[in-house]
Amino acid sequence: MEFAELIKTPRVDGVVLRRPFLPTVEGTLCLTGHHLILSSRQDNTEELWLLHANIDAIEKRFVGSLGTIIVKCKDLRVIQLDIPGMEECLNIASSIEVLSTLDSVSLMYPFFYRPMFQVIEDGWKSFLPEDAFKDLESMTEEWRLSDVNKDYSVCSSYPPLVAVPKDVDDDTLRKAAAFRHGGRFPVLSYYHKKNGMVMMRSGQPLTGTNGRRCKEDEKLINATLRAGKRGYIIDTRTVSVAQQAKARGGGFESEANYPQWRRIHKAIERSSILQESLIKLVEACNDQSHSMDRWLSKLEASNWQTHVKEILTTACLAAQCIDREGASVLVHGTEGTDSTLQVTSLAQIILDPACRTIQGFQALVEREWLQAGHPFQQRCSQSAYSNSKPRCEAPVFLLFLDCVWQILRQFPCSFQFSQHFLVLLFEHTYASQFGTFMGNSASERSKLNLSQKTVSLWSWVNRPQEVERLSNPLYEANCLVIWPSVAPQSLLLWEGVFLRWKRSSRCLDEAYDEMVHIIQYNNKELQNKVNNLRRQLAQLETEEEEED
Amino acid sequence: MDHVEQVRLLERFSNKSTSGTLHLTATHLIFVESNNTATTILHHHIASVEKLSLTTSGCPLVIQCRNFRVVHFVVQRERDCHDIYSSLLRLLRPVSYDELYAFSYNPKQNEQQREEGWQLIDLGAEFERMGVPCDRWQLTDVNRDYKICETYPRDLYVPITASKPIIVGSSKFRSKGRFPVLTYFYQEKKAAVCRCSQPLSGFSARCLEDESMLQAISKANHNSRFVYVMDTRPKLNAMANRAAGKGYENEDNYSNIRFQFVGIENIHVMRTSLQKLLEVVGSRFLSVNDYLLGLESCGWLRHVKAVVDAAIFLTKAVTVEGASVLVHCSDGWDRTAQVCSLGALLMDPYYRTIKGFMVLIEKDWISFGHKFADRCDQLDGDPKEVSPVFTQFLECVWQLTEQFPQAFEFSEWLLLQIHEHVHSCQYGNFLANNQRRREELQLGDRTHSLWAFLLREQQNYLNPAYCPTYADTHPVLEPSTLPCHFKFWRNMYHQFDRSMHPRQSVLKNVLTLKESNCQLEDTIKDLETVSTCIKSNFICHIQMVSRYPVLTTSACLAFPTDPVLTTSRTVEGSSGTERKESYSDLQGTYGAKAEPAVVSLEFGVARMTC
């Protein structure tokens with residue numbers, strides 16, 4: 001076993017675990033290949049099981065022979081371990097450092113994890129593109145499922161099957177792909193049943209400085225327009241950023257070549273800036289100073305809420321074009337794997353009630369993020385505490401979840417799930433026993449053979465007890481389009497993630513539980529009791545009549 | 001002139017507008033839209049009226065209210081606009097109390113109900129609840145005729161050892177005669193919270209009676225050898241006061257005191273701060289960065305935190321150390337009221353109930369002479385006296401309810417409603433500056449009590465997450481003072497800007513469900529009675545119907561509509577008409593529908609004074 005070599009000291013006794021707002025625990029610390037475990041070996045205290053993959057950074061301190069390791073996790077929690085013995089402490093620290101930064105994909109925990117629960121429905125098979133397309137077919141005949149990318153040769157970040165206009169053949173797709181960044185030719189993202197308008201997404205067009213054009217690309221997106229109608233192209237970059245992209249071979253659709261389309265530029269930042277923003281925000285939240293001015297200025301300087309507002313605004317705009325203006329929309333940024341997906345997926349939350357259910361939201365994540373080729377592994381390999389130089393890390397998906405939470409806050413009865421579900425997804429994108437968020441694209445996942453070798457997160461989530469835990473007790477299906485407010489006063493800091501470990505959340509949880517209790521008491525107990533009594537009475541009455 | 005037609009009401013944060021008719025009555029300004037929905041504004045709520053320069057579509061009239069409503073009308077003819085403007089100016093400047101709405105307001109109650117309303121809150125009983133009088137504290141009659149201090153109530157509680165000469169001497173050494181008196185007694189440790197105004201110490205003056213007074217307070221508590229003196233002002237301000245013959249206690253002259261500055265700013269700073277805050281959040285197309293920078297630079301949340309911090313200090317001194325504390329500021333009716341009442345709220349679960357909260361306001365604010373008339377600008381007075389001190393207190397309470405969702409019997413709706421009526425002058429409770437004046441005005445005979453009204457509809461103000469047993473495990477609240485736990489109170493400062501609010505309210509829904517739970521429980525009881533009757537089989541069906549007529553209607557046997565199904569849950573703003581504002585420059589770029597260019601001015605220059 002390779003892990004054994006990395007673990008110099010597998011266990012230490014007399015370790016003290018300190019966490020904010022929780023009682024300290026003294027016990028035995030054990031290191032395994034994938035976990036850091038602290039157990040007090042008493043019956044009623046909980047054990048700490050921490051995935052090494054969840055550890056973002058550690059710090060060591062020594063006072064005499066007592067060593068202290070501060071463990072900073074990707075879920076933003078910070079814990080402290082006091083370890084007696086300098087050598088033990090150093091050994092533990094170095095083992096954690098190595099184990100938490102293993103590069104080899106094959107050593108990752110999902111390949112070793114064996115589920116302790118019964119898999120009722122295999123999550124790997126829950127959301128197949130074929131099934132999603134069947135729904136589409138029931139609504140329209142204008143689209144077809146193309147397998148032009150079946151061996152991932154046309155676009156390495158697309159899945160084997162994509163929905164495209166019926167009248168466009170695979171050859172056209174291949175040519176359009178050559179004209180789009182990363183081969184990401186325009187594909188269907190969402191079909192708005194109400195008026196038949198569609199949302200597509202793609203990579204930027206490779207116009208370059210010479211204003212290159214591609215007839216096939218034009219044909220492809222024009223095929224989605226109704227006669228005489230115009231569409232919108234939402235470029236998630238500012239005009240100047242899009243202009244600059246030309247120098248590197250990228251660009252945007254010119255009015256001359258795309259006369260039926262109106263282009264709107266928005267300003268969603270690139271991923272490196274988002275990562276910096278996350279780091280600053282988390283630092284602000286961890287600031288122990290009691291100065292209000294300092295907190296507000298740090299919060300402002302992090303720009304996090306600005307990103308939330310910008311992303312939400314762009315998504316609302318896309319939804320507005322589709323629902324209000326009755327126009328089709330193409331969304332892209334540069335690669336089409338980050339800001340593009342934030343916009344297309346949030347627009348669907350706004351427009352489509354199905355996406356606000358537990359199943360529907362999973363389907364959305366599967367379709368618009370996993371299948372659509374958001375590079376989860378790259379984006380989520382480090383979180384806000386890591387000291388190592390960021391490469392491709394960025395909280396793109398976390399920002400999406402934050403935006404969903406904002407909408408959920410504004411429409412607390414329109415979502416089948418509670419914020420617990422969003423927090424759960426945040427945790428599992430950064431560290432997980434499940435294979436769902438491994439790899440960067442459908443092709444990588446298929447090479448890793450994840451569906452055979454690992455368990456899907458959806459298998460876990462879709463068990464009745466978990467569904468119940470994640471459910472929103474206030475939910476009442478709302479078939480309407482929901483327009484959130486994007487005023488700064490309406491946007492809140494997501495305490496459930498960013499201040500989660502900053503205060504005793506117990507009283508908030510208890511208040512929530514109380515609310516759940518009121519609602520369930522109503523729905524289940526009382527209703528059942530009333531119905532039972534009525535049934536009994538009805539029975540008694542008939543008996544009486546018979547006697548009569 | 002009583003009404004003007006074809007007036008347009010512009011929405012504050014979008015380009016939407018509705019048209020209708022503007023009515024002006026003796027007490028209200030009423031705007032009736034074509035679909036018959038009405039916006040009603042009480043004249044007393046209006047802080048300022050501004051007539052802006054004529055535009056192509058008419059004459060704009062901007063009305064700012066003390067409850068943070070801002071309305072922007074466009075009147076077609078300038079003459080009409082001017083008429084409304086001048087009528088309003090006349091109406092919203094009452095010069096005598098008799099003109100206030102409270103004296104004409106008639107809620108169709110009989111005299112007995114009205115009188116009972118005033119008897120709901122009894123401060124004597126409240127001190128008894130705290131355990132006073134006792135062997136160390138007594139009721140004194142020195143102020144029976146408001147002779148010693150005219151801004152204090154008649155009934156005051158002082159240490160048993162404080163003789164009349166001591167009291168009189170001390171009162172002469174305190175600004176406005178406001179000598180140290182008891183406001184809260186923490187029975188568990190027999191520790192007292194006392195309040196007063198600043199001493200007239202200047203640079204060196206001292207007063208033996210005042211020193212004895214503090215000594216007496218200290219001696220009344222066996223837990224601690226000293227008494228804390230909390231000066232809630234910033235040190236610099238207190239020092240500056242010495243030049244005017246006022247100042248703060250010299251620790252050398254008072255044995256057994258521990259002196260502490262807390263640093264809450266004065267009423268002028270608070271007034272400007274809130275003005276700035278309202279300016280920031282009132283601007284259209286506000287960016288997140290400008291919003292956060294504005295929150296920082298206006299300082300409002302910093303001030304709110306300072307008040308909460310002071311209350312926490314007070315609470316710790318009393319509950320942890322068991323020490324008595326004397327709180328004062330300059331006159332002892334603004335910051336002192338904030339800190340004492342907030343401290344008591346943290347220490348005593350009773351004040352976190354609806355009734356208890358009313359008692360708290362009655363005691364620390366109304367009876368001890370917070371100058372509501374001046375601070376809320378009830379009569380045409382000195383604009384420099386106006387300050388949102390009480391609003392700030394309500395906000396501190398709200399911040400606590402956010403941190404402790406189970407600890408309070410009431411929801412923020414109660415706070416909003418109280419705020420509304422502090423300014424409405426519709427009830428007698430908050431009129432005038434002190435008890436003495438209130439008695440002169442015979443408010444108890446001539447007006448109605450707000451508390452009675454609020455208690456009657458207290459169902460609306462319940463916090464569904466309230467857990468009465470929470471008080472057993474958390475008698476004393478220990479809030480976090482980290483700045484990230486202080487939030488902008490949108491539901492107060494934007495309470496009339498519906499576009500900014502969540503479209504569905506958890507509070508409303510849970511309250512409805514809770515109510516329907518009660519109904520269901522009743523139904524179950526009824527059904528059970530019926531079923532026992534049938535089972536015992538001593539009456540026949542027809543008899544049963546005649547004997548239990550009520551039951552057969554309420555607990556109809558044939559599966560009537562369940563209360564749950566009939567309670568409607570509303571989704572605002574998703575209908576499509578509600579949130580019409582564009583999320584971008586969309587309208588400008590494509591398919592633009594030209595908006596009339598009336599919106600020429602920046603909104604939100606809210607002024608607390610005219």
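Which residues of helix α4 (residues 170-178) of chain A are buried? Before the answer, some conventions: this is a predicted model in which local features need pLDDT of at least 70 and side-chain atom pairs count only at pLDDT 80 or more, while totals for chains, interfaces and linings use all residues. Residues are numbered from 1 along each chain as its sequence is written, chains are lettered from A and ligands numbered from 1 in the order in which they are written, and side-chain values use heavy atoms, with hydrogens and water left out.

The buried residues of α4(A) are Thr172(A), Leu173(A), Ala176(A) and Ala177(A), where buried means under 20% relative accessible area, exposed over 50% and partly exposed in between, with a 1.4 Å probe and protein chains only. Because they cover an arc of only 140 degrees around the axis, they lie on the same side of α4(A); the arc is that of the directions from the helix axis to the C-beta atoms. An α-helix has 3.6 residues a turn, so residues three or four places apart point the same way. Among the elements that cover these buried residues are β8 (143-146), β9 (162-165) and α5 (215-222) of chain A, with helices (H or I, at least four residues) and strands (E, at least two) taken as DSSP runs numbered from the N terminus.

## Aromatic rings

Over all chains, a search of the whole structure finds 54 aromatic pairs. Rings of Phe, Tyr and Trp (its six-membered ring) pair if their centres lie within 6.5 Å, and planes under 30 degrees apart count as stacked, over 60 as edge-to-face and the rest as tilted. One of the pairs is formed by Phe376(A) and Phe397(A), which are edge-to-face at 5.1 Å centre to centre, with 75 degrees between the planes. Since Phe376(A) lies in helix α12 (residues 376-379) and Phe397(A) in helix α13 (residues 396-410) of chain A, this pair ties together parts that are 21 residues apart in sequence.

Phe376(A) is buried at a relative accessible area of 0%, and Phe397(A) is also buried, at 2%. Phe397(A) forms a tilted pair with Phe437(A) too, their ring centres being 6.0 Å apart and their planes at 50 degrees. Phe437(A) lies in the loop between α14 (419-430) and α15 (442-447) of chain A, 40 residues from Phe397(A), and is buried with a relative accessible area of 6%.

## An annotated site in chain B

An unreviewed UniProt entry gives the annotation "active site" to Cys329(B), although such annotations may be inferred rather than shown by experiment. In the model, Cys329(B) lies in the loop between β14 (324-328) and α10 (335-347) of chain B, and at 3% relative accessibility it is buried.

## Where the chains meet

The contact, meaning heavy atoms within 4.5 Å, takes 79 residues from chain A and 77 residues from chain B. The two chains bury about 7200 Å² between them, 61% of it on carbon and sulfur atoms; buried area is the accessible area (1.4 Å probe) that two parts lose on being put together, summed over both. Met292(A), Gln489(A) and Arg534(A) supply 11% of the area that chain A buries against chain B, more than any other three residues.
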